[in-house]
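Colleague: I have the model open here. Can you take me through it?
Modeller: Fine, have a look at it and ask as we go.

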Amino acid sequence: MAIAALEHVNISVTDGERTAALLEKLTGWHRRWEGPSLDNGRSIHLGTDAAYIAIHTSPRVTGGFVKSVPMNHIGIAVDDLEKADAIVTEAGLKPFSHGTYDPGPRSFYFFDWDGIEWEVVCYQ
């Protein structure tokens, strides 16, 4: 059987530019593509050459439509946890559950403006 790699995650948010700006600052990722998308919406593909997050918004999303609820959180790895914490805080969001766990990374969590939970991890 072939080994698989995660290629993308698609999230729906009420303000795609705001979410993309936060993630660009937090991660240093680049915009791979952006443009019109499903339901008269707009999407921004933000990530690396190998993988990305598709940030989607449309009238259905801004009107309160939620496609699915079972997602727990999205984890991203950074080189500087303190700088990441400051970026999240400067965006008006509240980091929580700072800690260290096996096999050793330090991390914290935050909820974005649309209630999506993110975990920020640092292995250094």
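Colleague: What share of the chain is buried?
Modeller: Buried residues account for 37% of the 124 residues, where buried means under 20% relative accessible area, exposed over 50% and partly exposed in between, with a 1.4 Å probe and protein chains only. This is a predicted model, where local features need pLDDT of at least 70 and side-chain atom pairs count only at pLDDT 80 or more, while totals for chains, interfaces and linings use all residues. Residues are numbered from 1 along each chain as its sequence is written, and side-chain values use heavy atoms, leaving out hydrogens and water.

Colleague: How many helices and strands?
Modeller: Three helices and eight strands. These are DSSP runs, helices being H or I of at least four residues and strands E of at least two, numbered from the N terminus. The pattern along the sequence is β-α-β-β-β-α-β-α-β-β-β.

Colleague: In what order do the four strands of the open sheet come?
Modeller: The order is β1-β4-β3-β2, with mixed pairing; two strands pair if DSSP finds at least two bridges between them. β1 (8-12) and β2 (30-37) are the edge strands, each pairing on one side only. From one strand to the next the twist averages 20 degrees.

Colleague: In which sense do β2 and β3 pair?
Modeller: Antiparallel, over seven bridges, with β3 at residues 41-47. W33 stands opposite H45 in β3.

Colleague: And what lies across β1, β2, β3 and β4?
Modeller: Helix α1, residues 16-27, which runs at about 5 degrees to β3. Axes are lines fitted to C-alpha atoms, for helices over the stretch in contact (heavy atoms within 4.5 Å), and angles run from 0 to 180 degrees between N-to-C directions.

Colleague: Switching topic, how many aromatic pairs are there?
Modeller: Four. Rings of Phe, Tyr and Trp (its six-membered ring) pair if their centres lie within 6.5 Å; planes under 30 degrees apart count as stacked, over 60 as edge-to-face and the rest as tilted.

Colleague: Why is the pair of F96 and Y109 stacked?
Modeller: Their centres are 6.0 Å apart and their planes at 25 degrees, so the pair is stacked. F96 is in strand β6 and Y109 in strand β7, 13 residues apart.

Colleague: Is F96 buried or partly exposed?
Modeller: Partly exposed, at 28% relative accessible area, whereas Y109 counts as buried at 19%.
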